[in-house]
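Here is a short briefing for a first look at this structure. The sequence and model come first, then the notes by topic.

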Amino acid sequence: QVQLVESGGGLVQPGGSLRLSCAASGSIASMAWYRQTPGKQRELVARISTGGVTNYADSVKGRFTIFRDKAKNTVYLQMNSLKREDTAVYYCNSLGTKYWGQGTQVTVSS
């Protein structure tokens, strides 16, 4: 059984930064961050393998960074140069499993 708890969302102005955290209890392997807006499918934002290999959606490349602290069993999403279109609920996921966090709202607005 794996539990994932996200934190770090909030309201930020365009061009600002936020860091999301996903703390895991239980064993995790590859991890991912997704986001979802009303009426749309959940979108893969970034993922990281156990070996540290990362992949990003084209829309966030160069602005977002996913990384993990194995000692803390936590995965992070550093989001810089935020745009209004980044507004969404962000979820972390133990990649390929049924384990999801509860979601954290990110709102980019002036």
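Cys-92 is buried, because its relative accessibility is 1% and buried means under 20% relative accessible area, with over 50% exposed and partly exposed in between (1.4 Å probe, protein chains only). This is a predicted model, in which local features need pLDDT of at least 70 and side-chain atom pairs count only at pLDDT 80 or more, while totals for chains, interfaces and linings use all residues. Residues are numbered from 1 along each chain as its sequence is written, and side-chain values use heavy atoms, with hydrogens and water left out.

**Disulfide**
- Cys-92 is joined to Cys-22 by a disulfide, S to S 2.0 Å (a pair of cysteine sulfur atoms within 2.5 Å).
- Cys-22 lies in strand S3 and Cys-92 in strand S9, 70 residues apart; strands are DSSP runs of E, at least two residues, numbered from the N terminus.
- Cys-22 also counts as buried, at 1% relative accessibility.
- The link is right-handed, with 60° about the S-S bond.

**Core**
- The largest nonpolar core has 27 residues, meaning buried Ala, Val, Leu, Ile, Met, Phe, Trp, Tyr and Cys residues joined through side-chain atoms within 4.5 Å.
- Strand S3 gives the most to this core, with 4 residues.
- Among the residues with the most contacts inside the core are Trp-33, Phe-64 and Tyr-90.

**Sheet**
- Six strands form an open sheet with mixed pairing, in the order S2-S10-S9-S4-S5-S6; two strands pair if DSSP finds at least two bridges between them.
- S2 (10-12) and S6 (54-56) are the edge strands, each pairing on one side only.
- Strand S5 (residues 43-48) pairs with S6 in the antiparallel sense over 3 bridges, and Ala-46 stands opposite Tyr-56 in S6.
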